[in-house]
Amino acid sequence: GGYFVEFWFVWLRVCEYRTGGVLTGWVKPFGSYANHVHATMSANTTTVETQHQEMIHDAQLDYYSKLLATCSSDQTIKIFSAEDPRNAIFTIQQHTGPVWAVQWAHPKFGVLLASASYDRTVMIHREVQPGTWNTVKVFNHH
């Protein structure tokens, strides 16, 4: 089981589209039970088994479209290599509620990922070495 993410690539940069939100490109969860996400860069389509146990709420490619982050009601964030997305390279399990959104920082700040959760926290996660992530800041006033 688990939920899937489908993505295909069109340009080097993929941005996010949320229904009713701001359109800045294409990475789109669709349907009320979003279990697929599309991203764009060529005609190739890849289906990714995300290993999430619940509904996926968001999926974002980083600035260079090298890393894919997904988040879910299962309280986890999964990080995948876009070059080989067969298995998550890291799972972040710091939230105590469903994770609604993830967003990458601009690369001038390093490899940083923000996450927002139903547990009323926003967290900043940093890649400390390839494949290893630490939560560096927790905002509880969300």
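Let me begin with β7 and β8, which pair in the antiparallel sense over three bridges. Please keep in mind that this is a predicted model. On this pairing, Ile79 has Phe90 of β8 as its bridge partner.

Now the sheet around that pair. It is an open sheet of four strands, in the order β5-β6-β7-β8, and the pairing is antiparallel. Which strands stand at the edges? They are β5, residues 56-61, and β8, residues 90-92. Each has a single partner strand, so one side of each is left without a neighbour in the sheet. On average, neighbouring strands here are turned by 20° against each other, direction ignored.

Next, the nonpolar cores. The largest one has 11 residues, among them Leu67, Ile79, Trp104 and Trp133. Three strands each supply at least two residues of this core: β6 at 67-72, β7 at 77-81 and β9 at 99-104. There is also a second, separate core of six residues, which includes Val48, Ala59, Leu61 and Leu68.

Leaving aside neighbours within four places in sequence, the contacts of Leu67 include Ile79, Trp104 and Trp133. Asp62 is also one of the residues in contact with Leu67.

That brings me to Asp62, in the loop between β5 and β6. Is Asp62 buried or exposed? Its relative accessible area is 12%, under the 20% cut-off, so Asp62 counts as buried. The side chain of Asp62 reaches the backbone nitrogen of Lys66 at 2.7 Å. Not counting residues up to four places away in sequence, Asp62 touches Leu67 and Trp104. Asp62 and Pro107 are 45 residues apart in sequence, and their C-alpha atoms are 8.5 Å apart in space.

Last, two loop residues with a backbone point to note. Gln51 is not a glycine, yet has a positive phi of about 65°. Gln51 is found in the loop between β4, residues 46-49, and β5. With a relative accessibility of 26%, Gln51 counts as partly exposed.

Arg120 is not a glycine either, and has a positive phi of about 70°. Arg120 sits in the loop between β10, residues 112-117, and β11, residues 122-129. Arg120 has a relative accessible area of 56%, which is over 50%, so Arg120 is exposed.

That is the end of my part.

Key:
Residues are numbered from 1 along each chain as its sequence is written. This is a predicted model: local features need pLDDT of at least 70, side-chain atom pairs count only at pLDDT 80 or more; totals for chains, interfaces and linings use all residues. Side-chain values use heavy atoms; hydrogens and water are left out. A nonpolar core is a set of buried Ala, Val, Leu, Ile, Met, Phe, Trp, Tyr and Cys residues joined through side-chain atoms within 4.5 Å. Buried means under 20% relative accessible area, exposed over 50%, partly exposed in between (1.4 Å probe, protein chains only). Contact means heavy atoms within 4.5 Å. Two strands pair if DSSP finds at least two bridges between them. Axes are lines fitted to C-alpha atoms, for helices over the stretch in contact, and angles run from 0 to 180 degrees between N-to-C directions. A polar contact is a pair of N or O atoms within 3.5 Å; within protein, one must be able to donate a hydrogen and the other to accept it, and residues adjacent in sequence count only if both atoms are side-chain atoms.
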